[in-house]
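Work through each task before reading the solution.

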Amino acid sequence: MALLLSFLLLLELFWDTSALGPLSSTKGSDGLEFELPTTNYETKDSYKAGPIGVLFKMVHVFLRVVQPNAFPEDILRKILQKKFDFSTEYEKPENVVLTLKIIYYEIGIIICAVLGLLFVFLMPLVGFCFGLCRCCNKCGGEMHQRQKKNGTFLRKYFTVSLLVICIFISVGIIYGFVANHHLRTQIEKTRKLADSNLKDLRTFLNGTPAQINYVLSQYATTKKKAFSDLDNIKSLLGGGIHEQLRPKVTPVLDDIKAMAEAIKETREALLNVNNTLKELKRSTAQLNTSLSDVKRNVEQSLNDPMCSVPPVATTCNNIRMSLGQLEDNTNLGQLPSLDQQIDNINDVLQTDLSSLVQQGYKSFNDIPEMVQNQTTDIISDIKSSLNSLGSNIENIGEQIPIQDKLSNFMGYINDTETYIHQNLPTLEEYDSYRWLGGLVVCCLLTLVVVFYYLGLMCGTCGYDRHSTPTERGCVSNTGGIFLMVGVGVSFLFCWILMTIVVLTFVIGGNMEKLVCEPYQNGKLFQILDTPYLLNKNWKYYLSGMVFNNPDINLTFEQVYSDCKENKGIYTTLKLENSYNISEHLNIQEHAGNISNDLKNLNVNIDNIVLLDATGRKNLMNFSASGIDTIDYNVYLAEMGKAPTKVNLLAFASDLEAKADHLPQGSLKQSLKNNAQTIRTVHRGQVIPLEQSMSTIYQSIKELQLKSSGLRVKVANILSSLDSAQDFLKTRISSIIVEESTKYGNTIIGYFEHYLQWVKISITEQIAACKPVATALDSAVDVFLCSYIIDPMNLFWFGIGKATVFLLPAIIFAVKLAKYYRRMDSEDVYDDMENGNIGFHRHHSTQTV
């Protein structure tokens, strides 16, 4: 009840506040992220009964069988409308019909209760009559046992039946013990449950102002981010404009810069080729001289007289005929000079095209700086507007009436805690009495079933089938006495037990069907949400309490479900009807000046010249320098030739071989010396000449490649330059507007994102009321239903089951006691085996 009172006090908080919720995380663009502080609660939002829950479900099944009717929503609505007052005009037809409906709904419980009451009234009467009857030696009171042919079967049948019944009774007693102990254990947990819920409610109340302050304080983070972007307008806005223009401008400047480098490289290549060509001409002349000297020396050697003597004459003639191969193979002297082209390139290089390109780069790269210089005053105005916006945000926080209400409600929580702590010991004391009473009830039933078990054990173990009824042993007789004692105790106390069962059954069964089940499936809230039920003038009772406007569709079911889903109180209680946060968080209302200032950003970027007229003329002069008209194929053809017509090494080897066939003498030695001279010429002149010609061949190929299509390349560059310059002239204004809008939207977006987060936090997350739903669940579902009603229902179910089975147990115990007790008289037969009819011998009569 204390927890239920706590929930009602929480509802009062709802009616008086516009609260806000626990945790949220919102990540915006550019890394702007907001996250509410997390709130941890102790109380679990679900309860599990554990293994005993199976027994509770069994009782629920039994109640559904006894009470199969659906939840009586219409009946309860009518009862609530009459405010439970049936004392007046009860004879009206509608009251009679309502009474009949109540009886029809309760018919199962009524029948069970009537049967229980019959049991309560009849069992003492039957016990009294049974006792009187036995005192008159009737109803089995005569201590005489008739001999029957099926006596053994009957004894075994009565024994097994009573044993089975005792087992059923024992199971019921165990249910009673378990339920009685479980109820006491759960009552002991009530203090911890109440403290946990109250602590969570305090956490909920104390955390809400901190969350509101946190949300409002995050404006400083947003403003800091905006200030950072405003201070970096050079890189953000200017850089954005620069990046938009870069794809069109930078390639042109890069091409001009590359062309400037190409002009220098072309001059170097021309100079290299021209100088190398001159060196080659000198080297070729020296080679011709050397070859002529060798040729002349060989001819002088061949004038030796031995050359006229066969067969030496043949060798000398062969040598003389091969001397024509010792000649130069190139015509380098006929190649034209490159001096004119070099002079043209030198004239082009008198203008520093690279410097002109760098000026174009600088003019283009100065755009961010120009943007920063032109927006200084506007940025200052925007910062002032942002500072004033902060005060507007703080005013919104002050307009939400929550701080005072929370402090007032904290007093209610403290009073509730005091009430619980004062009355809980009384509840625990009363529960100890209840537990003791339940223990006595279970012990009484245990005593009865123990007598039956002892009777069965002693009677079964002490029974001697060879003994006559009057000669039965002490153990067997004791077993019969135990059975009759059990019967007597049953008659004495069973009506008291059934009275307890009926009372707890009616209370517990109705609480389960009318409170616990409808609370769990939400139908109880639907009853409370019936229009004009709790107040005949209000359509929606809760909205009438919260807003004093009963026409707003605010229901208990919706509030509970929203709290169960951990939604914020603003959404849960539809507080937009009293304070519409959306209207107060309009970005245009709070940041109109900022938006206007950002839209009025006026950046003027003109007079950007990528390349002036001098640079353009320089490019055209380069294209007209004539390097593309050089006949590179003539140079390449000459450079691709061998320096000599014959391989000098092969010629020298051949000459030396021919000399070896000559006889010893001056001729042979002279030819060998000339062969060695030829090898020296090859090493000293031909090989360096070949290397130089190969190098200049590659240089000419590169020069040819660079000069190929030079006029087209320069024309394309100039065309791209004109296009880029025209693009800057015609499109830069639209790009500035586009980037300025994007930049302004980014700044405004920070505050739109922040205000949207504030709106979401206030409407959905701040003061998430799950602790309230948990407190209500703890009060009704856990404390009332799980802690009290379920164990109480299991208690009457077990005790009732055991008590009902006492009735057949009495019958079988009385029947079975005849077979265990020692009789005063018996039927005697002279010849039992032959089936002779005996006579009745009796002694003094004893009744029990």
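**Exercise 1.** State where Lys742 and Glu739 lie and how their side chains meet.

Solution. Step 1: helix H27 (residues 710-765) holds both Lys742 and Glu739, 3 residues apart, about one turn of the helix. Helices are DSSP runs of H or I with at least four residues, numbered from the N terminus. Step 2: their side chains form a salt bridge at 3.4 Å, N to O; the term requires a side-chain nitrogen of Lys or Arg within 4 Å of a carboxyl oxygen of Asp or Glu. Step 3: Glu739 is buried at 5% relative accessible area, while Lys742 is partly exposed at 44%. Buried means under 20% relative accessible area, exposed over 50%, and partly exposed in between (1.4 Å probe, protein chains only).

The model is predicted: local features need pLDDT of at least 70, side-chain atom pairs count only at pLDDT 80 or more, and totals for chains, interfaces and linings use all residues. Residues are numbered from 1 along each chain as its sequence is written, and side-chain values use heavy atoms, leaving out hydrogens and water.

**Exercise 2.** Describe the pair Glu656 and Arg679.

Solution. Step 1: the closest N and O atoms of this salt bridge are 2.9 Å apart. Step 2: Glu656 belongs to helix H25 (residues 648-660) and Arg679 to helix H26 (residues 666-707), so the pair ties together parts 23 residues apart in sequence. Step 3: Arg679 is buried at 16% relative accessibility, whereas Glu656 is partly exposed at 24%.

**Exercise 3.** How many salt bridges are there?

Solution. The count comes to 16. A network of salt bridges links Asp562, Glu565 and Lys567.

Methods: Helix = DSSP H or I, 4+ residues; strand = E, 2+ residues; numbered from the N terminus.
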